[in-house]
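Welcome! Here is a friendly walk through one protein chain and the two ligands that come with it. Please have a look at the picture first, and then read on.

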Amino acid sequence: MNILVLGASGQVGHALMRACWPDGARVVGLARPAVDLADPDSIDRAVAEHAPDLVVNATAYTAVDKAESEREAAFAINRDGPAHLAAACAARGAALIHISTDYVFDGTKPAPYVEDDPVAPVNAYGASKEAGEAAVRATAPRHVILRTSWVYAAHGANFVKTMLRLGRERAELSVVADQTGAPTSADDIAAAITRIAARIQGQPDDVPWGTYHLTGAGETTWFGFAERIFERLAREEGRRPAVKPIATADYPTPARRPINSRLDGSRLRAAFGVEPPDWADSLDRVLDELFSQRPPAT
Ligand SMILES: NC(=O)C1=CN([C@@H]2O[C@H](COP(=O)(O)OP(=O)(O)OC[C@H]3O[C@@H](n4cnc5c(N)ncnc54)[C@H](OP(=O)(O)O)[C@@H]3O)[C@@H](O)[C@H]2O)C=CC1
Ligand SMILES: Cc1cn([C@H]2C[C@H](O)[C@@H](COP(=O)(O)OP(=O)(O)O[C@H]3O[C@@H](C)C(=O)[C@@H](O)[C@H]3O)O2)c(=O)[nH]c1=O
Ligand SMILES: [Mg+2]
């Protein structure tokens with residue numbers, strides 16, 4: 001089976017390129033400039049050249065605050081690109097795994113979101129991702145849309161690396177403590193995708209196509225996430241900033257963010273047997289990788 005990974009330079013794309021794929025999978029990863037989701041011709045060229053049976057779209061415009069002032073760019077990459085890609089996949093009969101976000105929801109539900117809950121994005125990034133999902137659903141019958149949340153990895157830009165940088169620079173910082181969700185390691189997303197790929201390869205006529213939620217197990221807040229990162233920083237480097245829990249209202253940003261980002265993963269477990277590890281255990285593994293990369297302080 002030929003597998004084409006788009007966005008191979010991002011957090012999830014990078015994790016996909018080092019993941020353990022089923023026997024018989026030939027995986028090619030592409031990044032810009034080879035494929036630019038804002039350039040439909042480059043999508044067609046990549047699909048024609050690599051003749052994929054499965055495409056994994058790990059590209060996205062992910063700058064949540066900047067998307068408020070760059071709405072067109074966000075929609076070009078998160079809606080129009082996936083729409084064109086879905087058409088190219090449908091024309092070839094290729095399957096498409098597309099990644100989406102908790103930010104398609106408004107966060108007002110007092111419980112974890114299930115896949116059929118109504119979407120109601122509260123920011124431009126979320127609206128652009130929601131539109132991308134809708135385009136994939138409408139165009140590519142053989143699709144799996146995976147909604148995930150709070151993604152981090154040793155490779156790439158994310159909250160974990162921001163906290164480590166700020167924790168080394170500052171004696172104190174404030175982190176919002178009233179947004180609830182689950183951090184998700186890019187490696188855990190890649191592991192789920194390779195499992196879904198094995199099913200597509202092995203039983204192509206018996207795949208439960210559709211939309212699924214995939215996050216680290218358990219839940220926390222951004223503050224709780226930061227606390228665990230700083231416990232480790234303290235053990236490794238003997239330095240720990242004071243972290244003040246604050247309300248969302250006390251951390252003004254251009255984009256609004258949902259208060260509840262929790263996603264219920266039952267459907268994915270039932271359909272594909274995916275059981276992601278506890279978020280804190282996966283965080284520890286990524287911190288292992290980050291601290292082993294850092295030369296010891298002298
Ligand atoms: N990060 C998060 O917290 C979350 C992410 N997601 C979703 O997960 C998926 C993967 O995100 P993640 O790996 O974290 O994101 P990153 O920001 O780490 O990576 C995004 C990738 O998209 C690529 N990209 C951006 N614009 C284009 C374009 N015009 N054409 C081609 N490639 C482009 C980037 O390439 P380049 O290196 O050239 O910029 C990069 O490889 C996305 O669908 C995202 O919406 C969902 C929930 C949370
Ligand atoms: C840096 C920082 C952030 N925050 C807050 C802001 C925000 O509410 C939260 C996380 O900050 P971030 O900038 O990482 O958040 P953000 O970029 O919005 O993260 C989101 O990215 C997109 C792509 C997704 O799809 C989402 O699932 C989610 O992961 O922490 C603090 O309270 N203190 C700080 O010092
Ligand atoms: Mg961000």
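## Around the ligands

Ligand 2 is surrounded by 19 residues, and the closest are Val64, Thr101, Phe159, Val176 and Trp222. A residue is taken as near a molecule if its C-beta atom, placed from the backbone, lies within 6 Å of it. Before going further, please note that this is a predicted model, in which local features need pLDDT of at least 70, side-chain atom pairs count only at pLDDT 80 or more, and totals for chains, interfaces and linings use all residues. Residues are numbered from 1 along each chain as its sequence is written, while chains are lettered from A and ligands numbered from 1 in the order in which they are written.

Helices (H or I, at least four residues) and strands (E, at least two) are DSSP runs, numbered from the N terminus.

Ligand 1 has 26 residues around it, the closest being Gly10, Gln11, Thr59, Ala60 and Val151. Helix H1 (11-17) and S4 each supply at least two residues of this shell, and the largest share, 3 residues, comes from H1.

The table sorts both shells by class.

## The chain as a whole

The protein chain holds 10 helices and 12 strands. Its radius of gyration is 19 Å, close to the 19 Å that the globule rule gives for 298 residues, so the chain is as compact as a globular protein of that length. This radius is taken over C-alpha atoms, and the globule rule is 2.2 Å times the number of residues to the power 0.38. Along the principal axes, the C-alpha atoms fill a box of roughly 55 × 40 × 40 Å.

How much of the chain is buried? Of the 298 residues, 45% count as buried. A residue is buried if 20 or more other C-beta atoms lie within 10 Å of its own, exposed if 12 or fewer, and partly exposed in between, with C-beta atoms placed from the backbone. Among contacts with a separation of 6 or more, 81% join residues 24 or more positions apart. Here, two residues are in contact if their C-beta atoms, placed from the backbone, lie within 7 Å.

## An open sheet and its strand S4

An open sheet is formed by 6 strands in the order S2-S1-S3-S4-S5-S10, with parallel pairing. Its edge strands, S2 (26-30) and S10 (210-213), each pair on one side only. Two strands pair if DSSP finds at least two bridges between them.

Strand S4 (residues 95-101) is joined to S5 (residues 143-148) by 6 bridges, and the two run parallel. Ile97 has Val144 as its bridge partner in S5, and Thr101 has Thr148. Strand S3 (residues 54-57) also pairs with S4 in the parallel sense, over 4 bridges; there, Val55 is partnered by Leu96 of S4.

Is S4 enclosed or open to the outside? S4 is largely enclosed by the rest of the structure, because 7 of its 7 residues are buried. Ala95, Ile97, Ile99 and Thr101 point one way from the strand, while Leu96, His98 and Ser100 point the other way.

Most residues other than glycine have a negative phi, and most peptide bonds are trans. The peptide bond from Arg32 to Pro33 is cis, with omega near 0°, and Pro33 sits in the loop between S2 and helix H2 (40-50).

Ala51, in the loop between H2 and S3, has a positive phi of about 45° although it is not a glycine. Ala51 counts as exposed, with 10 C-beta neighbours inside 10 Å. Trp150 has a positive phi of about 50° and lies in the loop between S5 and strand S6 (151-152). Trp150 is buried, with 22 other C-beta atoms within 10 Å.
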